[in-house]
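Please look at the sequence and the structure below before reading on. This briefing then goes through some features, topic by topic.

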Amino acid sequence: MRAIYYLVIFYFLAFVNAQAQVPGYMGKRWYAYGNVQTFFNLTNNNQWNQKPGVNLKYRAGLDYVLTKGSSLAAEYEYLQSAVRYEPESAASVSSNTSDKEFSAMVRSMTLGLTFSWYNTGKGSIAPYGFYQQVGLKYLLCAVTNEFGTMNRIRPGFTLDNFQSAVITYGIGRRWIYFDRLVFHAGFEFGYVIGANPLGMVNISGSRSYLNSDVNFSNTINRLSALYLVNFNIGLGFILF
Amino acid sequence: MNLKLISSTFFVCIISIAAFSQDYDKGEYLKSMGNIPLDFTKLSSEKYQEQAEKINKNAKAKIKRSQRDFLLESNFLNDEVLTSGEVLFNDPLSQYVYKVANVLLAKNKPLKDSLRFYILKSSAVNAFTTNEGIIFVNIGLLSHLKSEAELAFVLSHEIVHFQAKHSMKEYVDERTNKDYKEMSLEDRVLSKCNFSKEQETEADLRGLQMYLDAGYATESLDGFYDLLRYGYLPFEEKLFKKSFFETDNLKFPSTYDLAVINSVTTGVDYDDSKSTHPNVEKRRSYITQQSNVLSRAKKGKKFIVGEKEFNAALKTARFEMNRLYIADRDYIEAIYNSYLLLQTNPKSKYLKMSVMYGLYFLTKYHNRNDKSDVTKSYNDVEGDSQPLYYLIDQLSKEELNATATVYAWKLKKEFPGNKYIDSVAYDLVEEMVTQNNMKPDDFSANPKKKKESTNKYPSYVKRAPSAEELEEEKQFMKYAFVDILDNPEFVKAFYIAEQKKKDFEIKKYSYSYKKQQKAKQAIIEKKGYAMGADKVVFVSPDFKKVDLRKKMALRFMASEQALLNFNKRIIKTTSSVGIQSEILEPKAFNSPDIQKFNDYAVLCDWFQESHDFPYFSMFQPEMEQIATRYGTKNFCKIGTVSLKEKKDDAAAFILASIVYFPLLPYAIYNAATPRYYTYYYCYVYDIVSGKMMLKNQNLIHLKDQSYVLNSNIYSSVQQMKYKRKQK
């Protein structure tokens with residue numbers, strides 16, 4: 001018995017990983033996936049009452065395994081969130097309008113590429129095992145009067161459009177079931193270019209101060225808060 | 001008379017004839033025969049379950065648990081031995097052992113039917129029994145016997161161990177004895193040894209009764225105890241003389257003669273308190289005393305089955321030892337064993353080739369500065385084989401290489417046209433040139449001139465050689481090849497080797513060659529191997545599940561189930577990739593698959609023998625036959641070890657979760673789950689050339705889940721099939 005333990009220990013000590021790998025899972029290099037990203041709203045509050053909430057984002061992607069330890073994915077991501085918004089014109093709001101009424105809906109879409117590299121030193125082989133990834137995404141968002149809080153502006157009217165870019169870094173793990181289904185979980189950290197995820201322009205004390213820059217900052221900062229930290233969970237399907 | 005009886009009688013006759021027709025010179029080695037017994041093919045889990053059902057249900061829970069644990073360990077570990085390729089059945093030696101056992105058990109048919117006797121291909125002088133009624137007798141023990149009666153006493157001793165269920169009793173006693181747990185480590189060892197010694201004495205005593213009842217002679221009992229006492233020595237003591245390797249022109253210096261030989265010093269009165277077996281001399285005197293009491297009126301026989309059959313079995317066992325020694329890399333033992341056997345079989349090609357292989361491998365290891373891996377110090381050797389150890393110790397790399405070369409070329413002349421001797425002879429010349437920088441000019445083509453004797457004393461007076469003579473003796477290498485240098489083939493071999501060396505050196509310093517090799521290696525590292533194989537044979541895939549958190553760390557049942565699934569994965573993957581495959585594994589064999597079983601056994605020997613350098617194997621002829629039989633040269637060793645252990649960072653995460661509460665779910669998960677490791681390996685060899693064609697090994701920090709195994713197997717199989725396009 002003891003000899004067997006020593007044998008096992010010997011195996012582990014004596015050998016280093018020396019394995020070249022055919023890329024992909026059993027030769028299949030493409031897989032499609034969808035996932036949900038969520039986390040507590042830690043910094044930039046989306047609501048007027050400052051209560052903590054939960055962020056949610058949705059993502060779909062197509063991943064291609066490049067080598068034993070790397071893959072490249074094209075991703076589409078969607079999110080929506082309430083955001084503080086000041087109408088351009090003071091006439092749009094009545095004098096007794098509360099903070100609550102300065103809310104709009106921001107809908108964002110990102111398109112981008114994510115490069116993942118796997119911890120081959122620990123035996124992970126794309127697309128399963130432990131990975132790290134970096135992403136660069138183009139972000140496009142639209143702010144709408146979704147809640148109808150702006151007087152004289154019809155509900156659903158697009159108030160503004162913004163563009164930016166997002167850089168993400170993630171760590172996680174992927175599992176494969178039934179030779180087809182890929183389950184993955186991990187954390188992702190992101191930064192929206194030009195944003196201060198911890199900051200928010202306070203407009204409550206100066207109603208008369210209307211500035212499109214303030215709206216832009218609020219929106220971008222809000223989006224940045226959504227990207228800051230996320231728990232990432234999803235399901236994929238190995239195609240071919 | 002029914003047909004079954006006639007056919008079985010015919011089979012026994014054939015076996016008996018085979019016992020006398022084992023011709024090692026023709027490559028007829030020991031092989032299993034007939035149908036494969038169920039012991040080899042039945043799953044260990046099935047054997048365990050069958051036996052576990054028989055455990056007394058009224059026994060205490062602790063005892064029942066210990067018995068179940070014992071049966072589990074015992075069945076699985078015995079099966080490891082049975083499926084190791086090292087066990088022979090129905091071969092001439094097994095048949096002979098059966099005959100002796102039949103004499104002992106003639107009056108006890110139920111006991112006879114519950115026992116099976118197999119031969120274990122091991123050079124150790126030993127026999128042992130299992131709780132399931134299997135008695136293994138080592139070839140090493142058979143080769144040391146002096147009479148049939150000695151074997152009879154060994155068998156009767158082992159049969160008593162089985163009858164009295166000693167192994168299970170010892171196991172259960174150790175686990176259920178309350179006092180035992182409270183003892184210090186030393187007291188535990190002593191207690192265990194005492195228990196074991198009691199059992200050995202019981203086996204001796206009851207075995208003696210069985211032995212005497214069968215009609216064997218009491219005087220042979222001494223031989224049995226000599227066997228125990230001197231089993232570590234070769235089967236015979238005959239002084240080794242260095243002239244064995246010498247020719248008319250190759251004469252070793254007198255300093256290579258060992259002046260004083262260590263005498264055999266086995267202590268008679270050694271302390272047996274920490275030994276599992278009683279002192280041999282105590283056993284001898286006790287049993288001699290008892291035998292005098294028991295057989296006062298009897299006069300037994302040394303041979304009942306017959307002396308002729310004993311001698312045939314003995315010869316077979318002793319010849320087979322050479323193969324065992326070489327597979328175990330005990331080259332000096334192989335040479336000495338051959339030396340002893342050549343005294344009575346001076347023309348045996350097999351024995352001479354064994355000597356050649358012994359010298360060949362010693363040379364290979366010595367040239368690579370690894371001689372100590374395959375030899376032991378001559379100071380640790382006792383008896384008449386010590387001068388051989390001394391001689392090998394004294395020979396420098398060049399001298400050993402030259403000695404081996406002279407021997408191989410002498411054999412080449414004696415047995416012309418033998419391609420295996422030719423291969424070794426040429427390779428040894430290559431070793432001389434490439435490893436030792438030796439050239440034909442280093443040697444004289446003319447014999448050493450004999451000086452006229454200046455001895456003033458009568459010839460019977462021995463005098464020490466003078467300094468001048470000693471200096472001259474040291475030059476013995478110069479004349480080593482006088483007999484061979486006129487052989488154009490030998491000279492050609494030298495020039496071929498020199499050319500190879502030149503080519504190699506040119507390549508070694510060539511920038512483009514280095515670059516090419518580097519690129520080749522980089523491609524292998526990046527894209528993997530490209531064997532271009534159509535078929536691969538997987539030899540005994542292995543799967544071990546180990547849970548280091550458990551007392552019984554090796555998870556037997558889970559390992560067996562995992563292995564069955566692993567085999568299915570291999571077949572499924574190879575067929576999906578489009579490569580033919582076959583699995584050679586005893587548990588997967590059917591009863592008539594004896595050819596496959598024997599092939600499997602030889603392959604196990606071959607894998608055991610494998611070295612880190614190119615070489616010509618003693619098993620080469622059989623490898624060529626196997627490659628032809630299976631239609632491929634590619635044979636694969638594949639396996640997985642899956643390990644579970646306790647995480648050492650669980651407490652740290654719990655603490656961290658107190659500071660930062662969102663971590664709590666992960667901390668709980670982390671603490672509740674073990675750490676997993678999966679080690680996967682896959683090696684493919686070309687069994688004809690001995691080259692390793694593929695080497696995959698992967699330490700994965702993940703559980704051995706289906707996708708982890710599938711992807712690793714797929715990757716290896718894909719590399720086996722893929723053929724890279726030549727630019």
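What follows covers a sheet, salt bridges and a charged patch.

This is a predicted model, in which local features need pLDDT of at least 70, side-chain atom pairs count only at pLDDT 80 or more, and totals for chains, interfaces and linings use all residues. Residues are numbered from 1 along each chain as its sequence is written, chains are lettered from A and ligands numbered from 1 in the order in which they are written, and side-chain values use heavy atoms, with hydrogens and water left out. In chain B, four strands make an open sheet, and over all chains there are 36 salt bridges.

**The sheet in chain B**

- The strand order is β1-β2-β4-β3 in chain B, with mixed pairing. Helices (H or I, at least four residues) and strands (E, at least two) are DSSP runs, numbered from the N terminus, and two strands pair if DSSP finds at least two bridges between them.
- At the edges of this sheet are β1 (87-88) and β3 (127-129) of chain B, each of which pairs on one side only.
- β1(B) runs antiparallel to β2 (residues 116-120) of chain B, and two bridges join them. Here B:L88 is opposite B:I119 in β2(B).
- β2(B) and β4(B) are parallel and joined by five bridges. B:Y118 has B:F136 in β4(B) as its bridge partner.
- Three bridges pair β3(B) with β4(B) in the antiparallel sense. B:F136 in β4(B) also has B:F128 opposite.
- A hairpin is formed by β3(B) and β4(B), with four residues between them. In its turn, B:G133 has a positive phi of about 95°.

**Cover of strand β4(B)**

- In β4 (residues 134-138) of chain B, five of its five residues are buried. Buried means under 20% relative accessible area, exposed over 50%, and partly exposed in between (1.4 Å probe, protein chains only).
- B:I134, B:F136 and B:N138 point one way from β4(B), while B:I135 and B:V137 point the other way.

**Salt bridges**

- A salt bridge is a side-chain nitrogen of Lys or Arg within 4 Å of a carboxyl oxygen of Asp or Glu.
- B:K544 and B:E80 form one, at 3.1 Å from N to O. B:K544 belongs to strand β6 (residues 542-547) of chain B and B:E80 to helix α4 of chain B, so the pair ties together parts 464 residues apart in sequence.
- B:K544 is buried because its relative accessible area is 13%, whereas B:E80, at 41%, is partly exposed.
- B:E624 and B:K419 form another, with their closest N and O atoms 2.9 Å apart. This pair links helix α26 (residues 620-630) and helix α20 (residues 419-436) of chain B, and the two residues are 205 residues apart.
- B:K419 has a relative accessible area of 46%, so B:K419 is partly exposed.
- B:D547 and B:K550 also form a salt bridge, with the closest N and O atoms 3.7 Å apart. B:D547 is buried at 3% relative accessibility, and B:K550 is partly exposed at 40%.
- In chain A, a network of salt bridges links A:K57, A:R59, A:E75, A:E77, A:K137 and A:E188.

**A positive patch**

- B:K60, B:K62, B:R65, B:R68 and B:K551 gather in a surface patch of positive charge. Patches are made of residues with over 30% relative accessible area and no salt bridge; like charges are joined within 9 Å, and nonpolar side chains (Val, Leu, Ile, Met, Phe, Trp, Tyr) within 5 Å.
- Lys and Arg count as positive and Asp and Glu as negative, while His and the chain ends are not counted.
- B:R68 sits in helix α4 (residues 61-82) of chain B, and its relative accessibility of 35% makes B:R68 partly exposed.

Note on methods. Accessible areas come from the Shrake-Rupley method with a 1.4 Å probe; for residues, only the protein chains shown count as cover. The place of a charge is taken as NZ of Lys, CZ of Arg, CG of Asp or CD of Glu.
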